[in-house]
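Colleague: Can you put the model up? I have a few things to ask about it.

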Amino acid sequence: MKRFTFVLGFVLMSVAGPVVRGEAQASMGVIVDVDLVAGALLLETGEGPQRVSVAPAAAIHGDDGRPLTLRDLGPGDAVWYQLGSQAATRLHVAPQFWALPREP
């Protein structure tokens, strides 16, 4: 059932695109590359490839709730992220998962 929820969330986000909540924008993608020097992720999203900067103090958590760092992320990881004014401030990650994580 949990995997079905992930797949359904991915399909809905692919069709609906980014979600806007107040000033913050939330979206999902699959990590293609992690740029540790620039603090950014290259993602494959429903809208195509996208480079997302990650704020230095961003809250990054695994889908199980445990805290992660940018160094813990890698290609193939699925990520739900919330953008602040210029960078992602919240990220929820499903490592090496075949579908996208649900929105927290």
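Colleague: Where does D77 lie?

Modeller: D77 is in the loop between β4 (48-62) and β5 (78-83); strands here are DSSP E runs of at least two residues, numbered from the N terminus. Residues are numbered from 1 along each chain as its sequence is written. This is a predicted model, where local features need pLDDT of at least 70, side-chain atom pairs count only at pLDDT 80 or more, and totals for chains, interfaces and linings use all residues, while side-chain values use heavy atoms, with hydrogens and water left out.

Colleague: Is D77 buried or exposed?

Modeller: D77 is buried, meaning under 20% relative accessible area, with exposed being over 50% and partly exposed in between (1.4 Å probe, protein chains only).

Colleague: What lies 2.9 Å from a polar atom of the D77 side chain?

Modeller: The backbone nitrogen of G74.

Colleague: And which residues is D77 in contact with, leaving aside neighbours within four places in sequence?

Modeller: G29, V30, I31, D72, V93, A94, P95 and Q96, with contact meaning heavy atoms within 4.5 Å.

Colleague: Back to charges. How many salt bridges are there?

Modeller: The count comes to two. In one, the side chains of D35 and R51 meet at 2.8 Å, N to O. That pair links distant parts of the chain, with D35 in strand β2 (residues 24-35) and R51 in strand β4, 16 residues apart. D35 is partly exposed, at 25% relative accessibility.

Colleague: What about D64 and R66?

Modeller: Their side chains also meet in a salt bridge, at 3.2 Å, N to O. D64 is exposed, with a relative accessible area of 57%, and R66 is partly exposed at 42%.

Colleague: Changing topic: how many residues of β5 are buried?

Modeller: Six of the six, so β5 is largely enclosed by the rest of the structure. Both of its faces are covered, with A78, W80 and Q82 buried on one side and V79, Y81 and L83 on the other.

Colleague: How many bridges join β5 to β6?

Modeller: Six, and the two strands run antiparallel, β6 being residues 88-94. Strands pair if DSSP finds at least two bridges between them. L83 has A88 as its bridge partner in β6, and a hairpin joins β5 to β6 through four residues.

Definitions and conventions. Lys, Arg positive; Asp, Glu negative; His and termini not counted. Salt bridge = Lys/Arg side-chain N within 4 Å of Asp/Glu carboxyl O. Polar contact = N/O pair within 3.5 Å; in protein donor to acceptor, adjacent residues only side chain to side chain.
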